[in-house]
Amino acid sequence: MAHLPLLLSVALKLGYAGENQPIVGGALVFLAAAAGVLYLSFVREEMDAGPALKVGGFLLLALAVLAYFWPMRPWPH
Amino acid sequence: MAQSQSLRRIRRQLTGYVPDFATASSEDDLSWYLIVFPKVLLFSVVLLVPFVGAFWISLHQWEPLATQHPFVGLDNYVALFRDPIFWDALVNTAGYSLALIAIDVPIALGLALLLNMNLRGTKFYSAAIFLPVVTSWVVVSLIWSWLYNPQYGLINAALGTVGLPQPDWLQSSKTALASIALMSIWKHVGFNMVIFLAGLKGIPDDFYEAAIIDGANRWQRFRYITLPLLKPTSFFVVVVTLIFSFRLYTQVYVMTQGGPVHSTYSIVFYFWEQGFQQFNMGYASAIAVVLFLIVFGLSIVQQRTWGDTVEY
Amino acid sequence: MKLERSRGDYLRKGLAHGILLTASALAIIPFAWALLASLKPENKIFTTIFRIIPEDPTFANYVNVWLQNPLDRWILNSLVITVGVVYFTLLLDTLAGYALAKGKFRGKSLVYTLVIGTLVIPPQVVLVPLYIEMNMLNWSNTYWAVMVLYIANPFGTFMMRQFFLTIPDSLIEAARMDGCSTLQTYTRIMLPLAKPALSSLGVFTFIFTWGAFLWPLIILDDGAMYPLQVGIGLLTGRYSSQWGQLLAAAILAALPVLAAYLLAQRTFMEGIALSGGKG
Amino acid sequence: MRENRVTRRKALAIAGGAGAAGLAGCASGGRSGDSGQSDGSNSATLWAWNDPGLSPIREEQAKEFEKKHGLDGVNWQYYPFDNYLAKATSAIPAGNAPDSLALSVLWVPRFGDKGVAVNLEEHGFSPDDYVTAARNNSSYDGTLWSVPWYADCRLLCINKQMFEQAGLEVPDPSHRPSWDEFANWVEELGKEHGTGYSMAAGEGLDAFVLSNGSGYLTEDGSKAAINNAAAVEAAEFLQPMVVEDEHVLARTSGTTHVEDFLSGQAPMLYAGSWHYPRLRDSGIDWQYNPHPGGPRIEKSHTWSAGVYYSVPSRGGADQEIGRKWLEYIDSMEVQKNVTRAMGGFPGRKDAYETDAFKQYLDDHPKLKVVAQEMENAVAFPSHPDVGKMWTAVHTQAEAIFQGTDPKSALDKAAEEINGLL
């Protein structure tokens, strides 16, 4: 478990994002949520997820990308 | 049965289901502990341990910026029971909670009954009435502190055109708490209405058909079918409303800061003021512990008397 | 007899529509007023207070609030915190609710009393001890510290327990006979059945977390990390609040939550039916 | 029924894995990002309660300060005023203190008393540089704990147009009305416009009590004076105007009285010098006048508060950078432009003599009366529990304006204050 402190500090770094830094922690949260929702709506048949859940899954993926790239957008902010 | 079709759907899938790996695991406690463990760990570490910490702080004369905090035992609690402002806050909060339970819950039930008639436009009505629940307390309190302005607020302007008296709302100690309660009911009634509406949809129609055949009029049907069957829903609504109303804080903080002459002090606001404004965190934590005991007692009593089982 | 019934029916329906219309109007008027006030230029908000419809409506306040404050970042922060809390709340609360409803293990009633106990603790009360705890973990000023308080909220567990009580035990026996472990019964049978309850718990949690104010303010240090509600709180100065921008930000803050509610309204309604219907 | 052949173990792994990753991510510890503490990076962290009007000036000053000392970053952290103490009392003991923080006059004595602020007299700051009110506000127990960025005072603000409509002659801006003259104005304006004067209930009573020579504490600060004859006289003067003829509005929440004036509802306002920017842009024909003077003394007094900066002595603050910030705030370059920047008045005495300040007053005659009133301004009582006294008196003020007998209400406030001494 030697790399636990490394994992800890890296994971914590994700929890904070400065003024114009990419929100890595946020992207991870959106990815986890997207993975869960997409898994439930496409892989688990019994859920017979309606369109809202499926669209929601992809929306979360889009948010993950947005969270990562939006702070680094070229135009001035 | 509202969810009977989903039950049938699951059974159909189950029969065609072929488990393709080792025999079912035995019904030992381990798997249940594994399931409940994450949540219990989380709320113990994040809520219970800090609450025990708050109790420990309440045994000290804890001034946030001081370096050492002398142990004082139960002095904070003794001072608390002799403090008139604490009793004011307790009476105000109990009154507010009673108003919510006595007015908010019946109105919500009434609206739910009307919406259950499946008139045209039900979706619009339920969305509109639910709108206040969706916005945050800070925003709603800001908007209403303008509407309540005695001189140029919208409410008094409307009352004026109809010739009704124009009360001072938040400016007078007689009507301040009532104004906050009125606004809170306006914001919260949609929440209870939606829960009641769902409860009504859960009642099977064949009960009503049988009653109509026996010639039961509208009131008898309501009295002898709807109300008893709604018991678990009302239990859920009253418990949530009770717990929620004892947390009265944001409206008081934004609109009146305790209101004219302690008339809108709530327990959590008094806790916040003592702990974060007046530097007596020990005394404030004692207030919090007493509040916890009161509401915890009330919810246990409520659960014992009402119980959450239903007889068909 | 037929004519009587229809006139009585007609009258009753008219009355119902009347009451529902007034209730809806009362619910919407304050927001309509706030929307109209937010269209007035900043220095005219008070001087033209009596005029409800602004004579020179302008979107200046919306533009200013967007340019002068990191509103885009605040909205993103709110989304990160809210989506994170909703996801983990649904994940953990359904598990705990299922265990408390259908589980057979020693200490179940103790855990249930603990749930009721923590449900009753007002969040403001644990702020200082929790701040000290978070600081020991070096978590202050991170998303995780904000989220953890709202994920720990046992309201979802209480609600899911109510819901899972309505599932007849016969169904679980059937699943056990087919060789599902406790966890598999959960994912195979319980989750699909709980879909509506999941959506209502999801919307309730989304609304509560979206409105979070005091805890994020205390635990976060950097203005760029603030969720939207705390950002709006910053627009109220001690002596000079920028009312125009404040109202504009308030309207913008209400839109995502309203969208979440309208999106989930169908399953939302069905969901509470099951949890509230039978206890 | 379609049979899904994806083996459950793999599927479970994906869902479980994704959730677990997220969970593991937040179960970890470690120091948060570079929020500017004194850990090597040469940047400053400053706190202030948020005031939308002041933020632009603060950003400007941060840039100049950064250039002057070659720092690689000066970041402001703002918190709402009501929760500012909650933030400070949580963060400082836990080691997240800023390098310098703005304090209200109600908090300076507490920070001094608990030794949380650095004693500035040991670092070349001397209390005699400051105007009397600012000097008393920034020190406690005879020691200087903070440096005034700007000081302020309270005044009367008049809507000239509404005055003329009521048939009253607009007074000269430097004229201090007596109580009777003020009562006559309120009477005439009330008849014409329905309302004569709008004030904050608590501070409004304080101002009239001070203007009659009384205050929270006696001269030597040993006993409560809020219930002495002069104070009761002030309360008995105000109460009928609020309760019976309702020509005076006693507001209980923060900024409503200013909004009464801006919306043309109230022709006279209990105003502060910091309201100058809002009044200037309001499009109303207004002027400041000195606060009415009571019968017992010839020169009236009003509170002086403002914004004061301190350096935390604990909690990981980089005191060296903090002191540099105080020196910058205390520099003539900042003090002489304070009024131009945001309508506040300099804390430093010698800033009043500079040409920049004098020139600004000539260009903005309405502020001349504020400069005149700054000499009469009185500091808040220098006591760690001044916040509790403030709440005690203001609660009783609200009671008086709801009709309670003034003497018994002020006796209760005095009893509470004596309990704190």
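**Chain B**

I began by counting the elements of chain B and found 14 helices and 0 strands. I note at once that this is a predicted model. Reading from the N terminus on, I recorded the run α-α-α-α-α-α-α-α-α-α-α-α-α-α for chain B. I then looked up burial: of the 312 residues in chain B, 46% are buried. I also looked at contacts in chain B between residues at least 6 apart in sequence, and 70% of these join residues at least 24 apart.

**Chain C**

I turned to chain C, where I found 13 helices and 0 strands. Its pattern along the sequence is α-α-α-α-α-α-α-α-α-α-α-α-α. Of the 279 residues in chain C, 61% are buried. For contacts in chain C between residues at least 6 apart in sequence, I noted that 77% join residues at least 24 apart.

I next checked the overall dimensions. The radius of gyration of chain C is 24 Å, whereas a compact globule of 279 residues would have one near 19 Å. The C-alpha trace of chain C spans about 75 × 75 × 30 Å along its principal axes.

At 1.5 Å a residue, its 32 residues should span 46 Å, and I found the end C-alpha atoms 45 Å apart, which agrees.

**Where chain B touches chain C**

I examined the contact between these chains, which takes 83 residues from chain B and 87 residues from chain C. On the side of chain B that touches chain C, helix H2 (residues 29-57) of chain B gives the most, with 19 residues.

**Strand S1 of chain D**

I found 6 of its 6 residues buried, so the strand is largely enclosed by the rest of the structure. Ala44(D), Leu46(D) and Ala48(D) point one way from S1(D), while Thr45(D), Trp47(D) and Trp49(D) point the other way.

I then traced the partners of S1(D). Strand S2 (residues 74-79) of chain D runs parallel to S1(D) and is joined to it by 6 bridges; here Thr45(D) stands opposite Asn75(D). Strand S3 (residues 100-103) of chain D also runs parallel to S1(D), with 2 bridges, and Trp47(D) stands opposite Leu101(D) in S3(D). Finally, I recorded a right-handed β-α-β unit made by S1(D), helix H2 (residues 55-69) of chain D and S2(D).

Conventions: Residues are numbered from 1 along each chain as its sequence is written. Chains are lettered from A and ligands numbered from 1 in the order in which they are written. This is a predicted model: local features need pLDDT of at least 70, side-chain atom pairs count only at pLDDT 80 or more; totals for chains, interfaces and linings use all residues. Helices (H or I, at least four residues) and strands (E, at least two) are DSSP runs, numbered from the N terminus. The radius of gyration is taken over C-alpha atoms; the globule rule is 2.2 Å times the number of residues to the power 0.38. A residue is buried if 20 or more other C-beta atoms lie within 10 Å of its own, exposed if 12 or fewer, and partly exposed in between; C-beta atoms are placed from the backbone. Two residues are in contact if their C-beta atoms, placed from the backbone, lie within 7 Å. The expected span of a helix is 1.5 Å times one less than its number of residues. Two strands pair if DSSP finds at least two bridges between them. A crossover is right-handed if, with the strands pointing away from the viewer, the path from the first strand over the helix to the second runs clockwise.
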